[in-house]
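Please read this briefing alongside the sequence and the coordinates. The points below are grouped by topic.

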Amino acid sequence: MASSSSSTLSVPNYLATSLKTRPCGPRQGMSLLAPQGPPLAAPVLHSRPVRTPEAIGGLASVWRKIHGADDWSGLVDPLSPLLREAIVRYGELVAACYKAFDVDPTSPRHLNCKYGKRRMLREVGLGSSGYEITKYVYATPGVGVPMQAGVRCGRWIGYVAVSSDDDARRLGRRDVLVSFRGTVTATEWIANLMSTLTPANLDPHDPRRDVKVESGFLSLYTSADATSRFGPGSCREQLLHEVSRLIDKHKGEEMSITVAGHSMGSALALLFGYDLAELGLNRLRLLQREIPIAVYSFGGPRVGNTGFKKRIEELGVKVLRVVNVRDPVTKLPGLLLNENWKAFGGSFELPWSCSCYAHVGVELELDFFEMQNPACVHDLETYIGLLKRPKVVQVHKEGMDLLAKARMLLRKKTNKKLPGWTWPDAARQVGNLAQSLRLI
């Protein structure tokens, strides 16, 4: 997929970053090229001040454009200040799920949220976010996922929230937000690796066998744990019930539905956005209007096949994907069979097209890598940190591979010619990244 013109980011030592746009655990690591040093500050985005109409008129007057009404046309290159603010806000509301998830096996709230709904956002530093949590959401690995000691239980995956009265006035509408964290536990990683396509079959009245999604993501979305003391029913059932309730409660108001997630959570976000639109729950027939659905995906993998992509576009679900080109998670599944096979067939459908994975939506592309901490390529906080600072310096060169770029940056700092990596060194560095991301 061809990319448009790009703007780029300033780079501290050992970090290469850039920004482009195109349609579509512990933070520790080891550097083989650079000495250990203090933690790096978030790189800084630089961009020319642009007095766009939306910046002058305020968010309430242009919220539909910021929510993707025109596929974010004219807002991503250069990146609109209001869109940047929205992306950062939703990213922080997703990051709250990581901060609040209890991974202590000795805790009575293990695999649940550490805090009650009324205080969770305040406890993680988002008390002024303007949202009020109405429900916690739990997901259960499917029956095909092997479990330790035979234990299969639901674990807290995110929450449903709604904008407060004051924030609804600022936003120009009542926003219903669904937020998902990414992979944390071992069984979730196993579910992620079940990369076989299966029919989504979410609408019993119209199965649409051509619409296929990754089986591991679907199992997390649709499997239920009837014994859970926190969240009976599947992730899907919990979400459909709560969002339908909020739609009914606020149906007389201007509304929007925003679904946001990171990594595995972005896959669940895309599944739920599709499900909601396929069932038509966002269509208020008596009022003859439709509630727009937007998905904000951070470091998300592919979720379905080309039929899934086509159907989401037909349903009008808008998807904005924020990705790091160095992030391996965004290349999976479908490393070989993906949307790029279309180029071989031109305008013709190839026999294996239905088996090809495809990314969905508009892509906002970042490019960063930290030699001392390779796991940063998938870290949500690094994504957010990049987008918070509005300044630009040209450092990215098209076609330069990662190792060449790292050597160039280090050579510039030390004024020395650095030796290239040997194959064992390169393999060891890839292994560090996989371990940091808990892929192995």
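**Helix 3 and its cap**

S80 caps the N-terminal end of helix 3, with a side-chain oxygen 3.2 Å from the backbone nitrogen of L82, where a polar contact is a pair of N or O atoms within 3.5 Å, one able to donate a hydrogen and the other to accept it within protein, and residues adjacent in sequence count only if both atoms are side-chain atoms. This is a predicted model, in which local features need pLDDT of at least 70 and side-chain atom pairs count only at pLDDT 80 or more, while totals for chains, interfaces and linings use all residues. Residues are numbered from 1 along each chain as its sequence is written, and side-chain values use heavy atoms, with hydrogens and water left out.

- Helix 3 covers residues 81-100 and has 20 residues; helices (H or I, at least four residues) and strands (E, at least two) are DSSP runs, numbered from the N terminus.
- From its first C-alpha to its last, helix 3 reaches 29 Å, close to the 28 Å expected at 1.5 Å a residue, the expected span being 1.5 Å times one less than the number of residues.
- Helix 3 is mostly covered, as 15 of its 20 residues are buried (buried means under 20% relative accessible area, exposed over 50%, and partly exposed in between, with a 1.4 Å probe and protein chains only).

**Salt bridges**

- The whole structure holds 21 salt bridges, each defined as a side-chain nitrogen of Lys or Arg within 4 Å of a carboxyl oxygen of Asp or Glu.
- D71 is partly exposed, because its relative accessible area is 41%, whereas K318 is buried, because its relative accessible area is 19%.
- Within helix 5 (residues 165-171), D166 and R169 lie three residues apart, about one turn of the helix, and they form a salt bridge whose closest N and O atoms are 2.3 Å apart.
- D166 is exposed at a relative accessible area of 56%, and R169 also counts as exposed, at 58%.
- Within helix 10 (residues 306-315), E313 and K309 lie four residues apart, about one turn of the helix, and the closest N and O atoms of their salt bridge are 3.0 Å apart.
- E313 counts as partly exposed at 46% relative accessibility, whereas K309 counts as buried at 17%.
- Salt bridges that share partners join D206, R208, E278, R311 and E314 into one network.

**The largest cavity**

- The largest cavity contains about 90 Å³ of space; on a 1 Å grid over the protein atoms alone, a cavity is a set of points where a 1.4 Å probe fits but cannot get out, and lining residues have an atom within 4 Å of a point.
- The lining consists of 13 residues, of which L270, S297, P301, V303 and R321 are the closest to the centre of the cavity.
- Helix 9 (264-278), strand 11 (293-298) and strand 13 (318-324) are the elements that give two or more residues to this lining.
- By residue class, the lining divides into seven nonpolar, four polar and two charged residues, with Ala, Val, Leu, Ile, Met, Phe, Trp, Tyr, Cys and Pro counted as nonpolar, Asp, Glu, Lys and Arg as charged, and the others, Gly among them, as polar.

**T183 in its loop**

- T183 lies in the loop between strand 5 (174-180) and helix 6 (186-192), and T183 counts as buried because its relative accessibility is 12%.
- The C-alpha atoms of T183 and H262 are separated by 8.6 Å, although the two residues are 79 residues apart along the chain.

Conventions. 1 Å grid on protein atoms, 1.4 Å probe; cavity = no way out; pocket = protein on both sides within 12 Å on 5 of 7 lines; lining within 4 Å. Points joined across faces, edges and corners; volume = space filled by probe spheres on them.
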